[in-house]
Amino acid sequence: PTPAGVLRAFAALARSGERPTPELLDAAEAAGIPDPVAWDGPTRDAFLDLLCVGEGAAAALEALDRLGLLVRYLPEWAPVRCRPQRDPYHRSPVDVHLLETLATAARILDGAEEEDRVAREARSLVPDRAGYLLGALLHDVGKIGEPGHVPVGVRQARAALDRMGLPSATRDLALFLVERHLLLADTATRRDLEDDDLILDVAATVGDPGRLAALYLLTVADARATGPAAWTPWRQALVRELVAKVQHVLERGEMGPEVAERLAGRMEDVRAALAGQEAGEVERFLLRVPRGYLLAVPAERAVEHFRLLRTPLGGHEVRTAVAEGATAGTYALTVVAADRPGLLSRIAGALAVAGLSILSAQVFTTADGVAVDLFEVEGVFEREVDASRWRGFRQTLRRALEDRLALEHLVEEKRRRYQPPRADVPVRVAVDNAASDFFTVIEVGAPDRIGLLFDVTRTLAELGLDVHLAKVATYGGRVVDAFYVRDALGRKLDGARAVELERALTSRLAA
C-alpha cells in the first residue's frame, strides 16, 4: 500500500460511516508509510478526498493519529499532539480541539447543525470546500508553546500547505483562515461596532463575501468546539452583527479587493510623501484619519494636513491652509478645529460672511475628534481673495466658535447684496436610512444662493444632528449636497425624526 492508498482506504471507510476495522488498522500500520511522507499528486488528491468526506474525516484522521501515521503526513501535527490548553474556555487538548473543529465545520457546511440565518446564507458562499476544511483542521496548529500562536500557526500551516502542492485557491483560503481565525470574535467582543472605519478595516482584511462566509462558519465551529463559554448568546449576537455590517459594505462595493488595494496604495503614497518624518508619527496619522479620507484625499494634500494635525488643538483654535483650487480662480481651503455640534454650520456661515461661495466640501473627523473640513471656494464679487479676506474669515469663525457674534444676521445681511436664487430650480430633500449601516443619509437639491450650506447645516445643528460626512457640489445654479448624520446618541434617525428633518429643511430652503 502507498501513502495515497492508505488515505483512500480511510476515505472510503469515512464515507460509509463505519468505524475502522482491526484489519484495516493492522494493514495501515504495516504499510511502511515513509516518515515523513513525500507528497505527490495522488497523495494530495487522496488527502483532499478524505478531508472533504465531511464529519467522518475527523474520525478517520483521529484513527491515523492513534496509529502514529498522521504526523508522517503532517509533521506539524507532532507539536500539538496531547498539548494541554491552559485557559478557562478550552475543554480539550489542542489536537482534540482541531479535530472537533473540523468535524463541526463539516457539519455546519453540510447543513447538519442547527443553524442561524447568517450561517444558512454563508454556506452557499464558501468558495472552496477543501480550503475551508483545511483551515479548520490547521487553525490552531501554532499552539506549540511559543508566544503568539497565530503567526506561528501561519508559519506551520504555510509549510504544510506548500508541501502538499495544493491549488492556489485552496491553499490561499486555508492560510487566510489560519491567519484570521480570531478576527471576527475578537473584533466583535472588543471593539465598537458602530465605528464605520472599523467595519471598513475588517472588510478590507476579508476582501470578499466568500472569505467572509468561510471565516464566519469557522468562527462558529471553533467556538462550539471550544466549549459553551466561547459561544454564548451575547457573543453570537455580536459576531452576527459584525458579519452583517461587513457583508453590507462588501455588497455595496464600499470595500472589496479593488478598494482595499487602492486604500493600501494610498497609505503607501502618504508614507512615501512623509518619508522624512518620524515613522511612528506617520503611522499614528494614518490611524487617526478615516478610511474615506485616505481614499478621497491625494497624498500631497495629506502632507499638508499632517502638519496641521501634528500638535494638539486648543478648544477654540482654528487652523487653516489655502492653496490653488482645481480650476482657475478657485481656492482649496482646509479648516482644522476641534469637532463639535454645529461646527460645519459656523464654517459655512463664516465663509458666506467673507463673500466666499462654496463649490464643494468634504467633511472628515479623526478618531480623536478633530474635524478636517475641505472646501473648494471662490470669491463671489472679487474673484481674487487676498490675505486680509482670509484673515477676516478666520476671525469671524473664531468669534462664532466663541459665540461672540450672530452669524445668522450677518449671513442675511450679506445675502441682500446678491441676486435671488433661480426660481426654476426646485428644492428637493430626501432622507435615506438604507444607504448606510451607521448613518442617515440626507440628499438636498436646491438653487444655489449665498449661505445655502449655512442654512442646511444650521438646520441640522438645531435638530441636534451630528454631521459625520458631507459632500457638497455645485452645478451651475443648482447645488446637490449629501450629508451623513446621526443623532446625539450616535443613532440613525427613526421614521418620525426623518419626517421632521425633511419638513424643516424643505421649509428653510424654500423661504
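# Close-up views of a predicted model

**View 1. Asp-403 is located in the loop that runs between helix H20 (387–401) and helix H21 (407–415).** Helices (H or I, at least four residues) and strands (E, at least two) are taken as DSSP runs and numbered from the N terminus. The structure is a predicted model, in which local features need pLDDT of at least 70 and side-chain atom pairs count only at pLDDT 80 or more, while totals for chains, interfaces and linings use all residues. Residues are numbered from 1 along each chain as its sequence is written, and side-chain values use heavy atoms, with hydrogens and water left out. Asp-403 is not a glycine, yet has a positive phi of about 60 degrees. Its relative accessibility is 60%, and Asp-403 therefore counts as exposed. Here, buried denotes under 20% relative accessible area, exposed over 50%, and partly exposed the range in between (1.4 Å probe, protein chains only).

**View 2. Cys-82 has a positive phi of about 60 degrees although it is not a glycine.** The residue belongs to the loop between helix H5 (70–73) and helix H6 (94–109). With a relative accessible area of 58%, Cys-82 is exposed.

**View 3. A cis peptide bond joins Asp-35 to Pro-36.** The omega angle of this bond is near 5 degrees. Pro-36 lies in the loop between helix H2 (22–29) and helix H3 (41–51).

**View 4. Buried residues of helix H10 (residues 168–180) pack against several other helices.** The 13 residues of H10 should span 18 Å at 1.5 Å a residue, and the end C-alpha atoms are 18 Å apart, which agrees. The expected span is 1.5 Å times one less than the number of residues in the helix. Thr-170, Leu-173, Ala-174, Leu-175, Phe-176, Leu-177 and Val-178 of H10 are buried. The helices against which the buried residues of H10 pack are H8 (129–138), H9 (149–164), H12 (196–206) and H13 (209–226).

**View 5. The axes of H10 and H13 cross at roughly 50 degrees and come within 10 Å.** This angle makes H10 oblique to H13. Angles under 35 degrees count as roughly parallel, over 145 as roughly antiparallel, 65 to 115 as roughly perpendicular, and the rest as oblique. Axes are lines fitted to C-alpha atoms, for helices over the stretch in contact, with angles from 0 to 180 degrees between N-to-C directions. Asp-172, Leu-173, Phe-176, Leu-177 and Arg-180 of H10 make the contact (heavy atoms within 4.5 Å) with Arg-211, Ala-214, Leu-215 and Leu-218 of H13.

**View 6. Helix H9 contains buried residues covered by elements that include H3, H8 and H10.** H9 has 16 residues and reaches 22 Å from its first C-alpha to its last, close to the 22 Å expected at 1.5 Å a residue. Among its buried residues are His-149, Val-152, Gly-153, Gln-156, Ala-160 and Met-164. Just after H9, Gly-165 adopts a positive phi of about 70 degrees.

**View 7. Leu-137 of helix H8 is buried, at 1% relative accessibility.** Leu-137 touches Phe-47, Leu-51, Leu-61, Leu-74, Trp-77, Leu-98, Leu-99 and Leu-102, when residues up to four places away in sequence are not counted. Leu-99 is 38 residues from Leu-137 in sequence, but the C-alpha atoms of the two residues are 6.3 Å apart in space.

**View 8. Asp-49 and Arg-15 form a salt bridge through their side chains, with an N to O distance of 2.8 Å.** The pair links distant parts of the chain, as Asp-49 is in helix H3 and Arg-15 in helix H1 (residues 3–16), 34 residues apart. Asp-49 is partly exposed, with a relative accessible area of 33%. A salt bridge is defined as a side-chain nitrogen of Lys or Arg within 4 Å of a carboxyl oxygen of Asp or Glu. A search of the whole structure finds 30 salt bridges.

**View 9. Arg-288 and Asp-368 form a salt bridge whose closest N and O atoms are 3.0 Å apart.** Asp-368 has 47% relative accessibility and counts as partly exposed.

**View 10. Arg-458 forms a salt bridge with Glu-408, the closest N and O atoms lying 3.1 Å apart.** Arg-458 in helix H22 (residues 452–462) and Glu-408 in helix H21 are 50 residues apart, and the pair links distant parts of the chain. Arg-458 is buried at 12% relative accessibility, whereas Glu-408 is partly exposed, with a relative accessible area of 47%. Salt bridges with shared partners join Glu-408, Arg-449, Asp-455, Arg-458, Glu-462 and Arg-508 into one network.
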